[in-house]
Amino acid sequence: MRNFVKKISSDQIEEAVDLALASDKRLARPVKLYIYHRFSGLKLKEIAARFGIGISGVTQASYRIGIKAKKDKKLSKIIEKIKKDIDV
């Protein structure tokens with residue numbers, strides 16, 4: 001399956017999230033983690049190393065933002081805008 005997923009560059013993700021969440025740096029990190037986990041095609045180990053956390057931390061943080069986005073319409077719209085910007 002991994003071979004069929006469109007690869008999104010780290011620079012694209014960083015730029016799109018920073019642009020969308022310029023006013024909220026605290027939220028930017030977990031959203032980046034979520035986007036990396038869901039759309040980058042990178043392995044959990046690579047994402048974990050990039051963020052300085054464990055593999056299970058990547059999964060947990062991504063899960064939490066996903067749940068938060070389902071409850072928070074504003075966050076959901078931000079994530080949809082980021083996905084559109086990185087062409088997912």
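A residue is termed buried when its relative accessible area is under 20%, exposed when that area is over 50%, and partly exposed in between (1.4 Å probe, protein chains only). The structure is a predicted model, in which local features need pLDDT of at least 70 and side-chain atom pairs count only at pLDDT 80 or more, while totals for chains, interfaces and linings use all residues. Residues are numbered from 1 along each chain as its sequence is written, and side-chain values use heavy atoms, with hydrogens and water left out.

Helices are DSSP runs of H or I with at least four residues, numbered from the N terminus. Helix 5 spans residues 73-85 and comprises 13 residues. From its first C-alpha to its last, helix 5 reaches 18 Å, close to the 18 Å expected at 1.5 Å a residue; the expected span is 1.5 Å times one less than the number of residues.

The buried residues of helix 5 are Leu 75, Ile 78, Ile 79 and Ile 82. Because they cover an arc of only 95° around the axis, they are on the same side of helix 5; the arc is that of the directions from the helix axis to the C-beta atoms. These buried residues pack against helix 1 (10-20), helix 2 (25-40) and helix 4 (55-71), with contact taken as heavy atoms within 4.5 Å. On the other side of helix 5, Lys 73, Lys 77 and Lys 84 are exposed.

Just after helix 5, Asp 87 adopts a positive phi of about 60°. In helix 4 lies Tyr 63, which counts as exposed because its relative accessibility is 54%.

Note on methods: Helices (H or I, at least four residues) and strands (E, at least two) are DSSP runs, numbered from the N terminus.
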